Amino acid sequence: MEAQKAQARKSVLNYGLLLGFILVVLGVVMYVLDYHLQPHWSFMVLTLIVFIAVVTYGIKAFKKENGGFLSIGEAIKVGVGIALVAAIISGIWVLLLTTVIEPGFMEQAIELERQ
């Protein structure tokens with residue numbers, strides 16, 4: 001009997017939701033600290049570090065669940081899946097921010113760029 005291969009769906013959803021939640025929390029912190037129009041460079045660095053860490057940890061968790069075996073294709077599939085789920089959640093946050101919470105966000109951003 002062959003060993004059953006792990007499903008990537010579980011790792012993609014779990015770590016994608018985790019990453020999306022963390023990105024939304026960072027977005028809320030930026031909004032509360034009034035950095036949503038002109039973010040400080042430290043937020044960008046922190047976001048990049050968190051993104052890389054969660055995607056890497058999600059791929060490692062999938063590899064462990066798969067009995068220590070992982071192909072390049074599976075790693076790419078899991079990594080892109082995690083990023084896609086997180087992007088959808090983060091996109092919902094940005095849509096909520098620009099339409100409900102701060103309706104004049106785009107005008108403020110355009111005016112800031114003009115200056």
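Is Tyr57 buried or exposed? Tyr57 is exposed, with a relative accessible area of 53%, where buried means under 20% relative accessible area, exposed over 50%, and partly exposed in between (1.4 Å probe, protein chains only).

This is a predicted model, in which local features need pLDDT of at least 70 and side-chain atom pairs count only at pLDDT 80 or more, while totals for chains, interfaces and linings use all residues. Residues are numbered from 1 along each chain as its sequence is written, and side-chain values use heavy atoms, with hydrogens and water left out.

The axes of helix H1 (residues 8-32) and helix H2 (residues 41-65) come within 9 Å and cross at roughly 165°, which makes H1 roughly antiparallel to H2 (angles over 145 degrees, on a scale from 0 to 180, count as such). The residues of this contact between H1 and H2 comprise 19 nonpolar, three polar and two charged.

There are two aromatic pairs, a pair being rings of Phe, Tyr or Trp (its six-membered ring) whose centres lie within 6.5 Å, with planes under 30 degrees apart counted as stacked, over 60 as edge-to-face and the rest as tilted.

| Pair | Centre to centre | Between planes | Type |
|---|---|---|---|
| Tyr15 and Tyr57 | 5.7 Å | 70° | edge-to-face |
| Tyr35 and Phe43 | 5.6 Å | 55° | tilted |

Tyr15 in helix H1 and Tyr57 in helix H2 are 42 residues apart, and their pair links distant parts of the chain. Tyr15 is buried at a relative accessible area of 17%. In the other pair, Tyr35 is partly exposed at 33% relative accessible area, whereas Phe43, at 11%, counts as buried.

Conventions:
Helix = DSSP H or I, 4+ residues; strand = E, 2+ residues; numbered from the N terminus. Parallel < 35°, antiparallel > 145°, perpendicular 65-115°, else oblique. Nonpolar A, V, L, I, M, F, W, Y, C, P; charged D, E, K, R; others polar.
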